[in-house]
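Hi everyone, thanks for making time. I'd like to walk you through one structure today, so let's get it up on the screen.

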Amino acid sequence: MSEQVLKLVVRKRVEQGEGVVILDLADPAGQPLPAFEAGAHVDVHLAPGLVRQYSLCGDPANTTAYRLGVLKDPASRGGSVAVHERLQEGSEVAIGAPRNHFPLAADASRSILIGGGIGITPMIAMAHALAAQDSQFALHYCGRSRSRTAFLDELGDADFAACVHTHFDDEADAQKLDLPNVLGRPEAGAHVYVCGPAGFMDWVIGEARKAGYAEDNIHREYFQVELDASGSGFEVVASRSGKTVQVGEGQTIVDALAGVGIKVEISCEQGVCGTCLCDVLEGEPDHRDVYLTDDEKAANDQILVCCSRAKSKKLVLDI
């Protein structure tokens, strides 16, 4: 997590669609906020020990406010519920400075942006940035129904509205996302970006691979994944702390370390955000995150201790 913490205020709050709240966060004194790049997110500090990441969905050229769109998740672990209940207009909130693990490719000749549900948020910022650069792109927004979908008026009024295509599950087949046609044959310099529910993303990524897109040209950002905590126990040695702990079946490394007094900073607890990333000094991790790239996982020198386990009987971590 970023060390810099900004103390902001909710300048505007609007509810749209079904269960989506859109927040504009601004400096209390009206000062410009640190610049951010399309695809960036911020850590929102909602309560002691409760930090969640949300994508910035405003225009990166606008530094007067940070815009967030947050879906109230029925399966919330506390984050989205806290946003909806606590962050009213005038509320103060602490956030980390913007970080970007989902950047636009600087050399793209064409960008295909695909957002499912609340996964549209980083795509809106990307569309603003690409339009400002006069870059070729298309934004495809998929939702269950028009009445339950946020941001529609905003996208319809945007300068890049002609590049926006909406697709709803309960409307005519002709308007549904025809992914093979949208992806087409991968021309040189074409990049695909996807964010949304895990199943939706897996479908888009799989179709992009089938179409022939290179892995480096398929970009993704997960906001929620199903965790697999299965597997036999193993030993973790915390080299700097000088402590050894046994991680049981179904137990996370971070919980086992906490049991011997070693606190690792965590946030998403799903292998999405990278907050709990630790260096591996010895042993072979069993990577179960969606944060590290395939090359980074193959190097076996880092691990996200909120979700990943070990293939070897012992892991030595630089903690």
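This is a predicted model: local features need pLDDT of at least 70, side-chain atom pairs count only at pLDDT 80 or more; totals for chains, interfaces and linings use all residues.

Okay, the helix. Helix α1 covers residues 79-86. Which of its residues are buried? They're G79, S80, A82, V83 and H84. And what do those buried residues pack against? Strands, five of them by name: β1 (5-16), β2 (20-26), β3 (41-47), β4 (50-55) and β5 (66-71).

Now let's zoom in on S80, which sits in α1. S80 has a relative accessible area of 7%, so it counts as buried. Leaving out residues up to four places away in sequence, S80 touches Y54, V70, L71, K72 and D73. With D73 there's also a polar detail: the S80 side chain reaches the backbone nitrogen of D73 at 3.0 Å.

C306 is in no disulfide either; the nearest cysteine sulfur belongs to C276 and is 3.7 Å away. The cut-off for calling a pair a disulfide is within 2.5 Å. C306 has 5% relative accessibility, so it's buried.

That's my tour, happy to go back to any of it.

Notes. Residues are numbered from 1 along each chain as its sequence is written. Side-chain values use heavy atoms; hydrogens and water are left out. Buried means under 20% relative accessible area, exposed over 50%, partly exposed in between (1.4 Å probe, protein chains only). Helices (H or I, at least four residues) and strands (E, at least two) are DSSP runs, numbered from the N terminus. Contact means heavy atoms within 4.5 Å. A polar contact is a pair of N or O atoms within 3.5 Å; within protein, one must be able to donate a hydrogen and the other to accept it, and residues adjacent in sequence count only if both atoms are side-chain atoms.
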